[in-house]
Amino acid sequence: MKQQEFLQIISPFKDKIFRVAKRLLVSIEEAEDATQEVLVRLWNKNEGLEKYNSVEALAMTMTKNYCLDQLKSKRASNLQLVHSNYGDHSPGVDKQIEDTDSWNWVEKIINDLPEQQKIIVQMRDIEEYEFNEIATVLDMNETAVRVALSRARKTIREKLVAKHNYGVKIS
């Protein structure tokens with residue numbers, strides 16, 4: 001496979017690789033390194049890429065595995081999960097502050113989720129992957145992905161509602 005053919009195959013999803021890596025790793029530099037590493041690994045497999053039904057799914061699996069390996073490595077003490085793709089453009093300053101505060105709580109809550117649930121929330125709610133694609137990438141049953149996502153959303157919702165209702169006496 002020539003370089004141009006390879007670039008045509010990976011171009012549609014190379015930004016997704018970066019976004020997933022950014023979600024899992026704390027810094028842009030780490031995410032760029034992860035993206036580059038995954039692309040190099042794909043290039044090294046370039047002769048065998050035709051045998052895969054979805055090169056994108058392969059790339060997402062490789063990205064997830066690489067990032068998790070980085071999190072488990074010695075450098076993991078400096079890494080944490082973050083999400084900063086949120087921007088609110090509401091007209092009112094008070095509404096913006098309130099929304100920003102809520103989003104910060106959602107980020108903290110997501111960071112406390114189990115690793116698998118974090119990845120599923122990222123892929124489904126942020127990257128907008130279909131359940132079957134997530135199941136393929138994570139090597140899970142599609143029903144298990146739905147259950148894990150449902151549990152993660154329920155946890156996020158319950159903890160956020162508890163934060164918003166803190167100190168409010170309901171009689």
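**Entry 1: α1 and α3**

I began with α1 and α3, whose crossing is right-handed (the near helix is turned clockwise from the far one by less than a right angle). I note that the model is predicted, that local features need pLDDT of at least 70 and side-chain atom pairs pLDDT 80 or more, and that totals for chains, interfaces and linings use all residues. Residues are numbered from 1 along each chain as its sequence is written, and side-chain values use heavy atoms, without hydrogens and water.

I looked up the angle between α1 and α3 and found about 130°, with the axes 11 Å apart. Axes here are lines fitted to C-alpha atoms over the stretch in contact, and angles run from 0 to 180 degrees between N-to-C directions. α1 is therefore oblique to α3, since angles under 35 degrees count as roughly parallel, over 145 as roughly antiparallel, 65 to 115 as roughly perpendicular and the rest as oblique. Q3, F6 and I10 of α1 make the contact with L39, L42 and W43 of α3; contact means heavy atoms within 4.5 Å.

**Entry 2: the elements**

I then listed the secondary structure and recorded eight helices and zero strands. Helices are DSSP runs of H or I with at least four residues, strands runs of E with at least two, numbered from the N terminus.

**Entry 3: α2 and α4**

I turned to α2 and α4, whose axes come within 10 Å and cross at roughly 25°. That angle makes α2 roughly parallel to α4. I recorded this crossing as right-handed. On the α2 side I found K16, I17, V20, A21 and L24; the α4 side has E56, A59, M60, T63, K64, C67 and L71.

**Entry 4: the core**

Which residues have the most contacts inside the largest nonpolar core? I found F13, L42, M60, I120, I134, L138 and V145, in a core of 45 residues. A nonpolar core is a set of buried Ala, Val, Leu, Ile, Met, Phe, Trp, Tyr and Cys residues joined through side-chain atoms within 4.5 Å. The elements giving two or more residues to this core run from α1 (3-10) to α8 (142-164), and include α5 (93-111) and α6 (115-126). α4 gives the most, with ten residues.

**Entry 5: the whole protein**

I noted that 39% of the 171 residues count as buried, that is, under 20% relative accessible area with a 1.4 Å probe, protein chains only. Among contacts between residues at least 6 apart in sequence, 65% join residues at least 24 apart.

Conventions: Buried means under 20% relative accessible area, exposed over 50%, partly exposed in between (1.4 Å probe, protein chains only).
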